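Hi,

Here is the structure I said I'd pass on.

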Amino acid sequence: MPPWKEPHLQRPISFDPLKKALALLRKKVDARVASDTDDMAAGILVAQFRHPGQTVKLRINVAGICMELPRYRFGEHQTMHPWNRIQQTLEPLREALLEHSVYEQIQDLAGLRIFMEHHVFAVWDFMSLLKTLQRKLCCVDVPWVPSSDPQAARLVNEIVLAEETDKTEDGRFASHFDLYYRAMQLCRADTSVIDRFLKEVRTGATVSAALTVARVPPAVWTFVEQTFAVIEGDSFPAVVAAFTFGREDLLPALFRRIVDRVNSMSGGALQPFLYYLDRHVSLDSEEHGPMVRQLVSMVCGDDPDRWHEAEQAALAALNARLNLWNAMSEAIGALPLA
């Protein structure tokens, strides 16, 4: 198994001795050690492994393992590993989203309400992407048949468990969409548009028809339609990439601090929203982030066409999100001055 498909090692590697870590890596990667260097003063072990088709360099310290995948071979041509290439391609879009002016525009509840009334549709269609992955990788039909890829099925089902039935502050269970919706209600954001949309979907209307009846803002329409073009398309790598690279890790720490400030100004009305944000940050950094990275590699494998489909879908997903952020910024900017 290629080393980037190995599950993320959660437990720290013992400092004494580092040679045990090297022995573990030899076993895990199943490759010949080309070179290794001990630097006990820094507590770092550097090992380079040769494996059919690629060279992998690993830096090990007492906190765990950091894997660097600088080179990847497709046929006779050696190039940057496709995961790294996608990350590099997306970096300008990610930076534009993380540093977007919309966050600084949210100075009070009025601005936050506008943000939530738009953003709730991103929360909803994130769940639609996730359920598409579950339907593809797990059997959700009767009669049941075994999954063709139990490892991928396990990854997706673990994410579904947390996103669809997470534990609430009072010990009950709710989806992250429900947590978000409840926060909207408590801060008196307008839920009528998402309510009309979900009512139409529940009665069997198509997503396009439901968006029309609900009279969603144009940017929301474009965002959701783009997502469902991927869902209804014939590229599974595109679905995985849209889910992976369009996750809610694009809400920066700055946004959490802004919401905290507005929460103080409003007498604690946003506490459920803060809980939602904290759960997303915790799950994404500690569990779901490593899971989806592994899933992309499992789905795309060594196929350059699949990696290309994933890259194009990731670009489209982030561009759609950036357009949505721009629209929210315009809507907040149009609010009358307090």
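Below is what turned up, starting with how to read the values.

This is a predicted model, so to speak of local features we ask for pLDDT of at least 70, and side-chain atom pairs count only at pLDDT 80 or more, while totals for chains, interfaces and linings use all residues. Residues are numbered from 1 along each chain as its sequence is written, and side-chain values use heavy atoms, with hydrogens and water left out.

**Aromatic rings**

Let's begin with the rings. Rings of Phe, Tyr and Trp (for Trp, the six-membered ring) count as a pair if their centres lie within 6.5 Å; planes under 30 degrees apart are called stacked, over 60 edge-to-face, and the rest tilted. By that rule there are eight aromatic pairs. One of them is F126 with F243: the ring centres are 4.8 Å apart and the planes are at 25 degrees, so this pair is stacked. It ties together distant parts of the chain, with F126 in helix 4 (residues 109-137) and F243 in helix 10 (residues 236-245), 117 residues apart. Helices here are DSSP runs of H or I with at least four residues, numbered from the N terminus.

Elsewhere, F121, W124, F197 and F228 make up one aromatic cluster. There is also a charge over a ring, which requires NZ of Lys or CZ of Arg within 6 Å of the ring centre and within 35 degrees of the ring normal. K136 lies over the face of F236, 5.7 Å from the ring centre.

**Open and closed space**

Now for the gaps. They were searched for on a 1 Å grid over the protein atoms alone: a cavity is a set of points where a 1.4 Å probe fits but cannot get out, and a pocket is an open set with protein on both sides within 12 Å along at least five of seven lines; lining residues have an atom within 4 Å of a point. Grid points are joined across faces, edges and corners, and a volume is the space filled by probe spheres set on the points.

The second largest pocket has a volume of about 470 Å³. It is lined by 17 residues, and the closest to its centre are W124, M127, S128, K131 and V201. Helix 4, helix 6, helix 7 (192-202) and helix 9 (218-231) are the elements that give two or more residues to this lining. Helix 4 gives the most, with seven.

How many cavities of 30 Å³ or more does the structure hold? There are two. The largest cavity takes up about 120 Å³. Of its 13 lining residues, L129, F223, T227, A242 and A317 are the closest to the centre. Helix 4, helix 9, helix 10 and helix 13 each supply at least two residues of that lining.

Helix 13 (residues 304-333) has 30 residues and reaches 43 Å from its first C-alpha to its last. That is close to the 44 Å expected at 1.5 Å a residue, where the expected span is 1.5 Å times one less than the number of residues.

In the loop between helix 4 and helix 5 (150-164) you'll find P143. A cis peptide bond joins V142 to P143, with omega at about 5 degrees.

Two arginines are worth a look as well. R188, in the loop between helix 6 and helix 7, has a positive phi of about 60 degrees although it is not a glycine. R188 is exposed, with a relative accessible area of 61%. R215 sits in the loop between helix 8 (207-214) and helix 9, and its phi is also positive, at about 55 degrees. R215 is exposed, at 59%.

Cheers

Methods. Buried < 20%, exposed > 50% of the residue type's maximum accessible area, 1.4 Å probe, protein only.
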